[in-house]
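Take a moment with the sequence and the model below.

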Amino acid sequence: MILIQRESPSHWYLPDGTPYHEVVRADGNGMRSVTLRDARKVNALPSVTNVLSVLAKPGLDAWKQEQAIMAALTLPKREDEPLDAFARRVVEDMGEQVRSAADLGSSVHAAIEVYLQTGESPENPDILRLFAPVKLWIDEHVERIGLVETVAVHTQFGFAGRIDLVARLKSTGTWAVIDFKTQKMKPDKKGVYQASYYETWPLQLMAYFKALNSAGECSRRLEDIASVVINSVEPTPVQVKVWPREGHESLWQAFNNARELWCFIKGYRPQPAEPFLSA
């Protein structure tokens, strides 16, 4: 009995930066996620997160396991319900918790994008309360906005990704590639919420950094990469980590190692094409 999908849907891009996440089903009835087989036909490029999926993520895996355990403990078993049917309901309930967290993160990201582009704040009060600390940080710490939600393609190395923000920071006076992360922060012993920073975050940022440079994004001299973490539990101040510059090349090497592993596991290496940058 297979309860959990063995391979998660992954994001792809065409060499010109066009998202290639879904294709029409063979019977013409709706859409389905792009597979590796589809990608081969059009020389599609894996997203940065697709590449990094080959690496273990113990923190994320542990959280998903916790959701599964809580679903199994709290979901009442129906009278005379077969165990396999109950197990499927547990998986569905667990998936709902995961989807809910993902939807919240997507909504906050969308609100940030709109604000950066138009200056407008979200009307939904549930999103606004979590967005407010991000707005405060942007207003206080972003000197100039360069790129917002931009796809950068590194065709030489065969990957692409959508970048949240490129901005000039007041604190450093430098242009930085910035990624927003929504997270259920946990309070420390003093009750102060603390962000958790994961090993793959700077790898993701460094891949974006290199893709931007390869695509000719030289009107701004990129120097920094930064993670901005938003608390999805309470509207507390965002927490920011500017990753040390002296580690940039090591991060790029580590990402490239992951990319080589991805190519080996998938048996697929996209062919080089012209660099591309798309808003």
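Contact here means heavy atoms within 4.5 Å of each other. By that rule, and leaving aside neighbours within four places in sequence, Phe131 is in contact with Ala111, Ile112, Tyr115, Ser121 and Pro122. This residue sits in helix H5, residues 125-141. Phe131 is buried, because its relative accessible area is 0% and the cut-off for buried is under 20%.

The model is predicted, so confidence comes next. The average pLDDT over the protein is 88. A score of at least 70 is reached by 89% of the residues. Helix H7, residues 248-266, has the highest confidence, at 97. Strand S12, residues 276-278, has the lowest, with a mean of 59. Where pLDDT is low, the predicted coordinates should not be read in detail.

Back to helix H5. At its start, a side-chain oxygen of Asn124 comes to within 2.8 Å of the backbone nitrogen of Asp126. Even so, H5 bends by about 40 degrees at Phe131. A proline, Pro133, follows within four residues.

Which residues of H5 are buried? They are Ile127, Leu130, Phe131, Pro133, Val134, Trp137 and Ile138. An α-helix has 3.6 residues a turn, so residues three or four places apart point the same way.

H5 also carries a charged pair. Asp139 and Lys135 form a side-chain salt bridge, 2.9 Å from N to O. The two are 4 residues apart in the helix, so about one helical turn separates them. Asp139 is partly exposed, at 36% relative accessible area. Lys135 also counts as partly exposed, at 27%.

Now step to Ser232. In sequence, Ser232 is 101 residues from Phe131. In space, their C-alpha atoms are 9.5 Å apart. Ser232 lies in the loop between strand S10 (222-231) and strand S11 (239-242).

What does Ser232 touch, not counting residues up to four places away in sequence? Its partners are Leu104, Leu130, Thr182, Gln183 and Lys184. Leu130 is one of the buried residues of H5. The side chain of Ser232 also reaches the backbone nitrogen of Lys184, at 3.4 Å.

Salt bridges complete the tour. The count comes to 12. One of them joins the side chains of Glu223 and Arg245, at 3.3 Å from N to O. This pair links distant parts of the chain, 22 residues apart. Glu223 is in strand S10, while Arg245 is in the loop between S11 and H7. Both ends are partly exposed: Glu223 has a relative accessible area of 21%, and Arg245 has 41%.

Another salt bridge pairs Glu260 with Arg269, the closest N and O atoms being 2.9 Å apart. Glu260 is partly exposed at 34% relative accessible area. Arg269 is partly exposed too, at 44%. Elsewhere, salt bridges that share partners join Arg221, Glu223, Asp224 and Arg245 into one network.

Terms used. Residues are numbered from 1 along each chain as its sequence is written. This is a predicted model: local features need pLDDT of at least 70, side-chain atom pairs count only at pLDDT 80 or more; totals for chains, interfaces and linings use all residues. Side-chain values use heavy atoms; hydrogens and water are left out. Buried means under 20% relative accessible area, exposed over 50%, partly exposed in between (1.4 Å probe, protein chains only). The bend at a residue is the angle between axes fitted to the seven residues ending there and the seven starting there. A polar contact is a pair of N or O atoms within 3.5 Å; within protein, one must be able to donate a hydrogen and the other to accept it, and residues adjacent in sequence count only if both atoms are side-chain atoms. pLDDT is the predictor's confidence in each residue, from 0 to 100. A salt bridge is a side-chain nitrogen of Lys or Arg within 4 Å of a carboxyl oxygen of Asp or Glu.
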